[in-house]
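Hi everyone, thanks for coming. Let me put the structure on the screen, and then we can walk around it together.

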Amino acid sequence: MPPVVFVGLLVALYVWKCMMLVVFQNKIIYMPGFPPNSRWELIDNYADHCGGIKWTNERIQAADGTDLAMAVTTVPMQKGKFPTDKKDARAHVYVLYFQGNAASIPPRLPDLSWVLRNVSDSHNPDLAPLQMTFVCLSYRGYWTSRGRPSEAGLRRDAEAGARWISEYHKQLYGPDRDAPVPILLLWGQSIGCGVATNLAATGKIPQNLPVRGLLLETPFLSVRAMLETLYPQKWLPYKHLWPFLRNHLDSWTNMETIAKAAREKGSPPPSMYILEAERDELVPPEHAERLLEKCQDLGLPVERVKSPAAFHSDAIMRVEGKRLAALGIVRLTQKTLDVG
């Protein structure tokens, strides 16, 4: 009897833990309460570290009525070259930013501000006079946004961010046909890459605001692929639980959808810019490599760079990482302008 009881307890423990992983997967994947003060952070707390970039707090609502927070700023894409008449600009670039799975938007603003200043200081005459509006979307449950995070919820949040940008552009320039063309770029970090590719692949995006480029910072293939990466041992059952996933964040499959939609519409596909962390301790380099090869096979314009000596969460905390992120925004914009 003792061996039978012992084995039975082990099996029960396995089953219990698997059930907990399935039931509480949203709490495992999304961590809006970490660190503990993340929901009470203020933009003003970091204003002195943003190098003169002024961020404002905006509120929007998702399609299901969930109240969401955003941090928004606008800078010239060449320093000091704001157009004298806003309608003289060739285009207006909008970057919609999706964060990783922990913390909140305000602590990220100093690093993002550095990137924006670097873009503004790029001294690229082809980008003047252009303006760039940077929109940091706070997922439901994160920072001061209401609700609880899930992939379906984050999809609605991303769509709400795109709608806000579309309405903002219309209010800024009016119905004039000669108004600057809006260029929408999506920037995702870690799980934010899945949110970005979800929006680009199957999201409800306003017709006047097609996605022109994606900056994918420390991306992974999918949640299923991460299960296999984090739990490779054959004796662990976790990687076999993928049929029960409610969150997929499947950038691998999304790339196929993005390329197919571009072919069907006869329009240029969005460009991809993959920013890896050289010492990423969570996502192995094979993920970025496979995404690169996937884009190349599908005919999606793609570029891959590495932030030297960076770990998963600090790719743009490094000086070179910031420079590479700024370079990505400039190149994605330039490719869009070249295509026309």
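Which helix gives the largest share of the lining of the second largest pocket? Keep that in mind for a moment while I say one thing: what you see is a predicted model.

Now, back to the question. It is α7, which contributes four residues to the lining of the second largest pocket. If you want to find α7, it runs over 251–265, and along with α5 (191–202) and β6 (211–217) it is one of the elements that each supply at least two lining residues there. This pocket has a volume of about 430 Å³. In total, 19 residues line the second largest pocket, and nearest its centre you will find Ala200, Pro210, Val211, Lys265 and Ser267. Sorted by class, that lining comes out as 13 nonpolar, four polar and two charged residues.

Let's move to the largest pocket. Its volume is about 950 Å³. Here 37 residues make up the lining, and the ones closest to the centre are Ile29, Met31, Asn101, Ser190 and Ile191. Three helices, α1 (2–23), α2 (25–29) and α6 (223–230), each bring at least two residues to this lining. Of the elements, α6 gives the most, with four residues. As for the kinds of residue, the lining of the largest pocket holds 26 nonpolar, seven polar and four charged ones.

Please look at the step from Phe34 to Pro35. That peptide bond is cis, with omega near -5°. Pro35 sits in the loop that links α2 and β1 (56–61).

Next comes Thr218, in the loop between β6 and α6. Its phi is near 45°, a positive value in a residue that is not glycine. Is Thr218 buried or exposed? Its relative accessibility is 2%, so Thr218 counts as buried; the cut-off for buried is under 20%.

The last stop is Ala309, which you will find in the loop between β8 (302–307) and α9 (319–339). Ala309 is another non-glycine residue with a positive phi, in this case near 60°. How does Ala309 count in terms of accessibility? At 22% relative accessibility, Ala309 counts as partly exposed, because that class covers values between the 20% and 50% limits.

Key:
Residues are numbered from 1 along each chain as its sequence is written. This is a predicted model: local features need pLDDT of at least 70, side-chain atom pairs count only at pLDDT 80 or more; totals for chains, interfaces and linings use all residues. Side-chain values use heavy atoms; hydrogens and water are left out. On a 1 Å grid over the protein atoms alone, a cavity is a set of points where a 1.4 Å probe fits but cannot get out, and a pocket is an open set with protein on both sides within 12 Å along at least five of seven lines; lining residues have an atom within 4 Å of a point. Grid points are joined across faces, edges and corners, and a volume is the space filled by probe spheres set on the points. Ala, Val, Leu, Ile, Met, Phe, Trp, Tyr, Cys and Pro count as nonpolar, Asp, Glu, Lys and Arg as charged, and the others, Gly among them, as polar. Buried means under 20% relative accessible area, exposed over 50%, partly exposed in between (1.4 Å probe, protein chains only).
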